[in-house]
Every structure is written in C-alpha cells, then in structure tokens.
Amino acid sequence: MWYVIQVMSGREHHMAELCRMQDMQDGEEVFVPLYQRKKKIKGEWKMCEAILFPGYVFFDTKDVQQLYYRLKKVSGLTKILATGNEFTPLHETEIAFLKQFGGKKHIVEMSVGYIEGDTCTVTTGPMQGFSGVIKKIDRHKKIAVLEVEFFGRNTEVTVGLEIVSKSADLGEKEKTF
C-alpha cells in the first residue's frame, strides 16, 4: 500500500533520504514524485524537474505500523496522513494515476500538444487523453494545472505542457478550460 508523509515544504528530498537510511524493508520504497518542465535560464530553455506534490513524501510499504515506529526516529517528519487514528493509504485510483503519469521512476515527463479553439489536444507525453482535467494552461511558462482528486479532495497539480501551436490566438497569457 502507498502512504503519504507530510514534511516541511522544500525538504522533501532530504527527508526521503533520511527515511531511506532507516532500515528499509524488502519491497519498501520511498519517493518524491516529480514532473519535468522547461524553464528559461539565461535566455535558453532548459529541461528541469520540480516536485509534483510539495510538502509530501510517498511510501510503498506492507506494514505501516512498523514504518511509523521506524520513522519516529527521523526528526522533521510531520506525520503520516491518517483518518482519525488510522493511517490512510492512497486510493487505488490515485496510485494508478501516479503510476500512469510517473512510471517506475515517479517522474511525470513533459507533454506536448496544441490548442484549437477552446480545445487542448495533447499529442505526446503522459497527459495524452487527460485534457479534460486541465484547469488552466500557461503557454509562456510551459505548464498546465490539472485538477485531480487526491488525498480525499480536489487537488491542483502542476505538470509540464508545451503548446506548439494555437489556431486562434486570443492574446491571453492563461486560458482556463
């Protein structure tokens, strides 16, 4: 089962590394889901990675109670997400979404698409077929904001999306779908 640990934003990779050093059991995995995006650095577009869910580290474990006791030794971890007194695993649809988008490396690759009228069509990348969940697109920053159900609520997730053409340029920086 996959569980989510809340950590201080900006310290996700450091906390994941500290967790890895706490006697990981066979079959356990700790990871921070990332997404690829293009960013203009010194006038040149460079591919870089950013955190998909800031403030969270993900765990795949069979025994969450044992994980909880091992992680108590790690300073800076806030908590394993729970409902009441029971640790809450991610729902199967959430896990499927992360696996489909991020693959085994847990990195959502850059998608490419075009806009025709009010419709965005993604031609390559993990967002192919998911254009209905796009909340907004920032063509200049080459990102899209998706609205997906995560952690029991609607959550906005930013991913990399390059729009290569637009049939009717409306002169807007952001277009809401």
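This is a predicted model: local features need pLDDT of at least 70, side-chain atom pairs count only at pLDDT 80 or more; totals for chains, interfaces and linings use all residues.
Local features are given only where pLDDT is at least 70, side-chain atom pairs count only at pLDDT 80 or more, and totals for chains, interfaces and linings use all residues. Residues are numbered from 1 along each chain as its sequence is written, and side-chain values use heavy atoms, with hydrogens and water left out.

Start with strand β14 (residues 153-166). Helices (H or I, at least four residues) and strands (E, at least two) are DSSP runs, numbered from the N terminus, and two strands pair if DSSP finds at least two bridges between them. Strand β10 (residues 111-116) runs parallel to β14, and 5 bridges join them; here Ile115 stands opposite Lys166. β14 also pairs with β13 (residues 143-150), in the antiparallel sense, over 8 bridges, with Glu149 opposite Asn154. The hairpin of β13 and β14 has 2 residues between the strands, and Phe151 takes a positive phi near 60° there.

β13 pairs in turn with β12 (residues 134-138), antiparallel, over 4 bridges. Ile137 has Ala144 as its bridge partner. This hairpin has 4 residues between its strands, and Lys142 in the turn has a positive phi of about 60°.

Helix α2 covers residues 64-71, and its buried residues are Val64, Leu67, Arg70 and Leu71 (buried means under 20% relative accessible area with a 1.4 Å probe, protein chains only). These residues line one face of the helix because, seen down the axis of α2, they fall within an arc of 120°, taken from the directions from the helix axis to the C-beta atoms. At the N-terminal end, Asp63 caps α2, with a side-chain oxygen 3.4 Å from the backbone nitrogen of Gln65.

Pockets and cavities are found on a 1 Å grid over the protein atoms alone: in a cavity a 1.4 Å probe fits but cannot get out, a pocket is an open set of points with protein on both sides within 12 Å along at least five of seven lines, and lining residues have an atom within 4 Å of a point. A volume is the space filled by probe spheres set on the points.

The largest pocket has a volume of about 200 Å³. Its lining includes Glu149, Phe151 and Gly152, as well as Val4, Leu81 and His91.

The search of the whole structure finds 1 cavity of 30 Å³ or more, and the largest cavity holds about 40 Å³ of space. Among its lining residues are Phe31, Leu52, Phe101 and Val108. The largest share of that lining, 3 residues, comes from α3.

Notes: Buried means under 20% relative accessible area, exposed over 50%, partly exposed in between (1.4 Å probe, protein chains only). A polar contact is a pair of N or O atoms within 3.5 Å; within protein, one must be able to donate a hydrogen and the other to accept it, and residues adjacent in sequence count only if both atoms are side-chain atoms.
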